[in-house]
Amino acid sequence: MALILVRYGEVAIKRSGTRSLMERLLMHHILSGLRSISIDARVTRSQGRLFVEVPDDKIKDSIDVISRVFGVRSLSPVKAYEFKELNDIVNATVKEWSELIRGRRFAVRVHRVGSHNFTSMDVAKAIGAALKPFSAGVDLERPDIELFIEVRGNKAFLFTEMINGAGGLPLGSEGKLLALISGGFDSPVAAWFMMRRGSYVDALFCSLAYPIDVINFLRVTHALFSRWSIGYDPRLFIIDCSSLISEFRAKANPHMWSVLFKRVLYVVASRVAKSIGALGLVTGESLGQVSSQTLHNLMAIEYGIDLPIYRPLIGLDKDDIMNYARRIGTYEESMRTEEFCAIFSEKPRTRVTIEELNKEFNKLDQDLINNLLSSAVMLRASAVNKVINELMLGTSDVEIDHVPEDAVVIDLRSRGEYELWHYPGAINVDVDKLVSTAETMGRDKVYVLYCSKGLSSKWGALELRRLDFKAFSIDINRLRRSS
């Protein structure tokens, strides 16, 4: 069996009762993560350390899992040697490292816990002297290789690498939160930050373009939770918010659609959060990044919400957030996601007052929130792949690789994007006017839609099909190459 030494940071400085609880959570999550990939393991506690025993041929996979367990500061594969005197440790290091350091400059780093008749410096000097003849010399400042010895009781643990862990606090040590996740870059990173601080995180998604935006949401949450929610199977709540499009367009000020949408979403999310015992909401807002995220608008949006709203990204800029998305593994899936712009504000207001937003909110159907909640579907993160496959089957033939002869090509991008480039003969149509445009042109035509990333065009094609039009989506890059 191989042995992995696991270090934790903040957990070690908690008072005894809290520390013991967090250590047990940490051990549970490590075992849970390893069992999820069919690795039988054993975890034991020592003062400020955990030791994980795994099969020799599973060491690499085990390190990968353990490094993603929140609360783990760092870890090292180690060789353990029992000793009676200092010379036993020295002999073990010669056996272990004499060939490894041949022709290389080295440094010895020692950490010691317990009562011994020698100091850490004694250990380092004795080992350095014994290994020096096999090497190119000792260099404590810029060594080619560092040799680590951790002495604990009557055992010495030898290792040469320290692998960074996720850090933070063990998942579940700080209760539960509900994250509003859109599928873009920001909200998954925000959820990750709160998970890293010890919170179980469930997710809520407001679907405006089913099933395409749901597929994107599920892909992003799978990238997040399958890697990082080790020891907990999050609940994903999907709300059908498509009714908001007609409701907003009929009743609300178009300059405030974005902030009004956020208010509705907060109200719905707070109701869901209370129903599952969550202690607050998590959002991916970054101050001033878009019009709905100004100080004035954030204050107006959250008015009347009686749960804490956590915004861990509030002081980060977009580059910071995207770097974190790369680190945690959600970047690629978020990159594929396009925001559905059917209820984006026209010339959005950046200083909406509480009174103004309350007035717009009160214009909406009084049963709106209950109706949205009644559409909620819940699934576990572990079931996501199956659901994605089922949804993909229903959209498998919507995308084509060429424009049929005599087809009507519709560009769903903004007017500015259309003016920069469009497929020859394509017409520019706002998403909300797609159906009326097709009805005017007739059902005897074939419609081919494209947009920036594919969400709007795929949704539009499926929506037209639902109304018995013959419609398809095509990738804009394919069109560019063919034109």
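1. Let me start with burial: a residue is called buried under 20% relative accessible area, exposed over 50% and partly exposed in between, with a 1.4 Å probe and protein chains only. By that rule Phe185 and Tyr331 are both buried. A word on the basis of this note: this is a predicted model, in which local features need pLDDT of at least 70 and side-chain atom pairs count only at pLDDT 80 or more, while totals for chains, interfaces and linings use all residues. Residues are numbered from 1 along each chain as its sequence is written, and side-chain values use heavy atoms, with hydrogens and water left out.

2. Now for the rings. Phe, Tyr and Trp (its six-membered ring) pair if the ring centres lie within 6.5 Å; planes under 30 degrees apart are stacked, over 60 edge-to-face and the rest tilted. The structure has 14 aromatic pairs. In one of them, the ring centres of Phe185 and Tyr331 are 5.3 Å apart with the planes at 40°, so this pair is tilted. Phe185 sits in the loop between strand S10 (176-180) and helix H5 (186-196), and Tyr331 in helix H11 (residues 331-335), so the pair ties together parts 146 residues apart in sequence. (Helices, H or I with at least four residues, and strands, E with at least two, are DSSP runs numbered from the N terminus.)

3. Trp192 and Tyr324 also make a tilted pair, 6.1 Å centre to centre with 40° between the planes. Since Trp192 belongs to helix H5 and Tyr324 to helix H10 (residues 318-328), the pair ties together parts that are 132 residues apart in sequence. Trp192 counts as buried at 0% relative accessibility, whereas Tyr324, at 27%, counts as partly exposed. Both belong to one aromatic cluster, formed by Phe70, Trp192, Phe193, Trp228 and Tyr324.

4. Two arginines deserve a look. A charge sits over a ring if NZ of Lys or CZ of Arg is within 6 Å of the ring centre and within 35 degrees of the ring normal. The charged end of Arg326 does this over Tyr331, 4.3 Å from the ring centre, and that of Arg480 over Trp421, at 4.5 Å.

5. Helix H5 is worth a point of its own: ten of its eleven residues are buried, so the helix is largely enclosed by the rest of the structure. Among the buried ones are Asp186, Trp192 and Phe193. Just after H5, Gly198 adopts a positive phi of about 100°.

6. On to the sheet, where two strands pair if DSSP finds at least two bridges between them. Six strands form an open sheet in the order S14-S13-S10-S11-S12-S15, with mixed pairing. Strand S14 (309-310) and strand S15 (377-380) are at the edges with a single partner strand each, so one side of each is left without a neighbour in the sheet. Strand S11 (residues 200-207) runs parallel to strand S12 (residues 235-240), joined by five bridges; Ala203 has Leu236 in S12 as its bridge partner.

7. Finally, the cysteines. A disulfide is a pair of cysteine sulfur atoms within 2.5 Å, and the count comes to one. The link joins Cys206 to Cys241, S to S 1.9 Å, and is left-handed, with -135° about the S-S bond. Cys206 is in strand S11 and Cys241 in the loop between S12 and helix H7 (243-251), so the pair ties together parts that are 35 residues apart in sequence. Both Cys206 and Cys241 are buried.
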